[in-house]
Amino acid sequence: MKKSIKYFLFAAMIVFMTACPFEAPFPIDEPSIKYSSSMIGNWAEESELENEFPSYFAISDVDGYSFKIEEYTYDEEEDSWSTGEYGAHLSEVGDHKFINIYDVSMETWYFSRLDWDDPDQ
């Protein structure tokens, strides 16, 4: 079950990075939901692991309610890494969980519904 949560979180981040359906200048709410510690770590799409310099996300704890997401992408033409920085937390609306992701460079919040059971709860 933990692996499916990790894969779903990574898939949610990929959706966020490519075509997040909802955005706003504010989050759904303030951070108040603890998240699974299994979310912390470095994540890469399996196909990226075949590359010499795979793109990946580094997720780290901020305070048990918020976490930091750093995106690392290698630019072969520039021969250097580019980075993106995001803040994130979970929200509940009715019976549904959402991830709130703040794009630091764009100063915009993005949202995606999460459909998974947290093994830590």
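Buried means under 20% relative accessible area, exposed means over 50%, and partly exposed lies in between, with a 1.4 Å probe and protein chains only as cover. The model is predicted: local features need pLDDT of at least 70, side-chain atom pairs count only at pLDDT 80 or more, and totals for chains, interfaces and linings use all residues. Residues are numbered from 1 along each chain as its sequence is written, and side-chain values use heavy atoms, with hydrogens and water left out.

View 1. Helices (H or I, at least four residues) and strands (E, at least two) are DSSP runs, numbered from the N terminus. The order from the N terminus is α-β-β-β-β-β-β-β. Of the 121 residues in the chain, 36% are buried.

**View 2. A patch of negative charge sits on the surface.** Its members are Glu-52, Asp-75, Glu-76, Glu-77, Glu-78 and Asp-79. Patch residues have over 30% relative accessible area and no salt bridge, and like charges are joined within 9 Å. A salt bridge is a side-chain nitrogen of Lys or Arg within 4 Å of a carboxyl oxygen of Asp or Glu. Asp and Glu count as negative, Lys and Arg as positive; His and the chain ends are not counted. Each charge is placed at CG of Asp, CD of Glu, NZ of Lys or CZ of Arg. Accessible areas come from the Shrake-Rupley method with a 1.4 Å probe. Asp-75 belongs to strand 4 (residues 66-75). Asp-75 has a relative accessible area of 32%, so it counts as partly exposed.

**View 3. Glu-30 lies in the loop between strand 1 (22-24) and strand 2 (41-43).** Relative accessibility is 59% for Glu-30, so this residue is exposed. From Glu-30 to Ser-91 the C-alpha distance is 8.0 Å, across 61 residues of sequence.

**View 4. Seven aromatic pairs are present in the structure.** Rings of Phe, Tyr and Trp (its six-membered ring) pair if their centres lie within 6.5 Å; planes under 30 degrees apart count as stacked, over 60 as edge-to-face and the rest as tilted. Tyr-35 and Phe-67 pair edge-to-face, at 4.7 Å between centres and 65° between planes. Tyr-35 is in the loop between strand 1 and strand 2 and Phe-67 is in strand 4, so the pair ties together parts 32 residues apart in sequence. Both Tyr-35 and Phe-67 are buried.

**View 5. Tyr-102 and Trp-109 form a tilted pair, because their planes stand at 45°.** The ring centres are 5.0 Å apart. Tyr-102 is partly exposed at 25% relative accessibility, whereas Trp-109 is buried at 14%.

**View 6. Phe-53, Tyr-56, Tyr-72, Tyr-74 and Trp-81 make up one aromatic cluster.**

Notes:
Patch = residues over 30% accessible without salt bridge, like charges linked within 9 Å, V, L, I, M, F, W, Y side chains within 5 Å.
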